[in-house]
Amino acid sequence: MKSPREIISEIRQTLPPDVRLVAVSKFHPASMIEDAYAGGQRVFGENHVQELRQKYEVLPQDIEWHFIGHLQTNKVKYIAPYVQLIHAVDSHKLLTEINRQAQRNNRVIDCLLELHVAQEETKFGFSPDEMYDYVRQAEWRQLQNVRICGIMCMASNTDDEARIARDFQQAQQLFDRLKQDFFATEESFSIRSWGMSDDYPIALRYGSNMVRIGSKIFGPRVY
Ligand SMILES: *Cc1c(COP(=O)(O)O)cnc(C)c1O
């Protein structure tokens, strides 16, 4: 069996140089993260606050931790001191709380807005129109301790590649509109976080520059 670091190095060879790889380590032990770390990987993604905190405490301090899952407002305070990027901001209420906790920690937290394009009803996130309106309204501009750096999305959970491509294409189109209409002069608005183990090759065709890959690197998760 190949080790996480071997698989990461294989994946890297297929990624264009401007694409960042988030190794999604949720449900996998710290020892597997250490293996990937030894191979040079520094960016890891988690989706449970408590698990992230435990790993943060025992693993090297120069790891860049991304929170990739649905985040409850009452849990923001636990990750606010050190999280580098929050991928799935899906409401003004959540962004306001991230801002408040960032302020308390005397820092600015980078965030992505979560776009809902998948066919599943249960997924969180703004619809394309909601997101456009939210960014246009500019209420968020008063939040000095958060920085909106781009958007993230998950494609439909399906084998239908045309459907997946359509989801990512919508994300790419919305990103381009937001960039042009509201962030043209803001270099930091640049992150397009889409693509997971099974669909990242498609995501790369539709402008992704940040892929979040878990099971392909670390194997199946035992929940
Ligand atoms: C778990 C997860 C991933 C990684 O999924 P894999 O299919 O294991 O690559 C990516 N993004 C989010 C938001 C996740 O929750």
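Biologist: At what angle do helix 1 and helix 2 pack, and how far apart are their axes?

Modeller: Bear in mind that this is a predicted model. Helix 1 (residues 4–14) packs against helix 2 (residues 30–38) at about 45°, and their axes are 7 Å apart. That angle makes helix 1 oblique to helix 2.

Biologist: And which hand does the crossing of helix 1 and helix 2 have, left or right?

Modeller: The crossing of helix 1 and helix 2 is right-handed.

Biologist: Which residues make that contact?

Modeller: Helix 1 brings Pro-4, Arg-5 and Ile-8, while helix 2 brings Met-32, Asp-35, Ala-36 and Ala-38. Split by class, the contact of helix 1 with helix 2 has 5 nonpolar and 2 charged residues, with no polar ones.

Biologist: OK, on to another pair. How are helix 6 and helix 7 arranged?

Modeller: Helix 6 covers residues 128–137 and helix 7 covers residues 161–182. They pack at an angle of about 15°, and the axes are 11 Å apart.

Biologist: Why do helix 6 and helix 7 count as roughly parallel?

Modeller: Angles under 35 degrees count as roughly parallel, and the angle here is about 15°, so helix 6 and helix 7 are roughly parallel to each other. Their crossing is right-handed.

Biologist: Which residues meet there?

Modeller: From helix 6 you have Pro-128, Met-131, Tyr-132, Val-135 and Arg-136. They meet Gln-170, Leu-174, Arg-177, Leu-178, Asp-181 and Phe-182 in helix 7. In terms of class, the contact of helix 6 with helix 7 comes to 7 nonpolar, 1 polar and 3 charged residues.

Biologist: Switching to the ligand: how many residues surround it, and which are the closest?

Modeller: There are 13 residues around the ligand, and Lys-26, Ser-197, Gly-214, Ser-215 and Arg-221 are the closest.

Biologist: What does the side chain of Lys-26 do with the ligand?

Modeller: An N or O atom in the Lys-26 side chain is 2.7 Å from a ligand oxygen atom.

Biologist: And which ligand atoms go with Arg-212 and Ser-215?

Modeller: For Arg-212, a polar side-chain atom lies 2.8 Å from a nitrogen atom of the ligand. With Ser-215 the backbone is involved: one of its N or O atoms lies 2.8 Å from an oxygen atom of the ligand.

Conventions: Residues numbered from 1 in each chain as written. Predicted model: local features only at pLDDT ≥ 70, side-chain atom pairs only at ≥ 80, totals over all residues. Heavy atoms only, no water. Axes fitted to C-alpha atoms, helices over the stretch in contact; angles between N-to-C directions. Helix = DSSP H or I, 4+ residues; strand = E, 2+ residues; numbered from the N terminus. Parallel < 35°, antiparallel > 145°, perpendicular 65-115°, else oblique. Left-handed = near helix turned anticlockwise from the far one by under 90°. Contact = heavy atoms within 4.5 Å. Nonpolar A, V, L, I, M, F, W, Y, C, P; charged D, E, K, R; others polar. Near = heavy atom within 4 Å. Polar contact = N/O pair within 3.5 Å; in protein donor to acceptor, adjacent residues only side chain to side chain.
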